[in-house]
Amino acid sequence: MRDLFLYAEKCKKELDRLKIRYAQNIVFAVNTRAKTRLGVCKKSGDKYKIEIAYALLDEKTDEQLLYDTLFHEILHTCRGCMKHTGRWKELAEKVNTACGCNITRTTEGDILPDSLVQKPKYRVVCPTCGEVFERYKRSPLIDDPGRYRCGKCKGSLKSARIFKAV
Ligand SMILES: [Zn+2]
Ligand SMILES: [Zn+2]
């Protein structure tokens with residue numbers, strides 16, 4: 001597991017070196033629920049919160065993707081940089097050139113590479129309406145679907161088909 005704060009500090013040092021002024025009040029957090037988004041920068045008042053997908057902190061993930069995402073989000077905290085055009089774009093290009101990064105406007109909101117997306121282990125198919133429920137781990141629904149009703153049609157899941165990913 002990588003230390004997000006250590007990586008954030010490294011990125012900030014690089015930006016200091018390039019004399020790019022980012023916000024001083026940024027909170028960094030790991031988003032364990034994000035299944036598709038690499039990172040996001042939220043502004044509230046004059047404070048910023050940058051959330052980075054848990055998958056990027058996995059040692060198996062390409063380290064560069066973590067750097068790119070961090071730079072992308074930190075640059076959003078620069079003055080006039082909440083959009084992916086104009087000043088943000090200029091600064092992103094500056095960092096790309098200086099640090100060999102590949103910061104793109106699609107880094108954020110981008111779909112996580114397939115290899116990083118946790119795949120559901122179980123699929124439960126409603127026998128009445130065909131709605132599919134995905135579960136990432138074994139749960140009471142998997143063990144005893146008869147106790148549950150479909151969230152969509154409210155029908156019993158008693159005879160639901162359960163598929164287990166191999
Ligand atoms: Zn962005
Ligand atoms: Zn149903």
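Which residues is L70 in contact with, leaving aside its neighbours within four places in sequence? In this predicted model, L70 is in contact with Y7, A8, C11 and I52 once those neighbours are set aside.

**Helix α2**

Helix α2 comprises residues 63-75. Its 13 residues should span 18 Å at 1.5 Å a residue, and the end C-alpha atoms are 19 Å apart, which agrees.

The helix is mostly covered, with 11 of its 13 residues buried.

**The nonpolar cores**

The largest nonpolar core contains 23 residues, of which L56, L70, F71 and I74 touch the most other members. Two or more residues of this core come from each of α1, β3, α2 and α3. The greatest contribution is that of α2, which gives 7 residues. A second, separate core has 6 residues, including C126, F133, C150 and A160.

**L57 in the loop between β3 and α2**

L57 lies in the loop that connects β3 and α2. Is this residue buried or partly exposed? L57 is partly exposed, because 16 other C-beta atoms lie within 10 Å, whereas the buried class requires 20 or more.

Not counting residues up to four places away in sequence, L57 touches M1, R2, L4 and V30. The C-alpha atoms of L57 and Y7 are separated by 9.7 Å, although the two residues are 50 residues apart along the chain. Y7 is also one of the residues in contact with L70.

**The sheet of β5, β4 and β6**

Three strands form an open sheet in the order β5-β4-β6, and their pairing is antiparallel. β5 (132-135) and β6 (161-164) stand at the edges; each has a single partner strand, so one side of each is left without a neighbour in the sheet. Neighbouring strands are turned by 20° against each other on average, with direction ignored.

Strand β4 (residues 122-125) is joined to β6 by 4 bridges, and the two run antiparallel. Within this pairing, V124 has I162 of β6 as its bridge partner.

Definitions and conventions
Residues are numbered from 1 along each chain as its sequence is written. Chains are lettered from A and ligands numbered from 1 in the order in which they are written. This is a predicted model: local features need pLDDT of at least 70, side-chain atom pairs count only at pLDDT 80 or more; totals for chains, interfaces and linings use all residues. The expected span of a helix is 1.5 Å times one less than its number of residues. A residue is buried if 20 or more other C-beta atoms lie within 10 Å of its own, exposed if 12 or fewer, and partly exposed in between; C-beta atoms are placed from the backbone. Two residues are in contact if their C-beta atoms, placed from the backbone, lie within 7 Å. Two strands pair if DSSP finds at least two bridges between them. Axes are lines fitted to C-alpha atoms, for helices over the stretch in contact, and angles run from 0 to 180 degrees between N-to-C directions. A nonpolar core is a set of buried Ala, Val, Leu, Ile, Met, Phe, Trp, Tyr and Cys residues joined through C-beta atoms within 7 Å.
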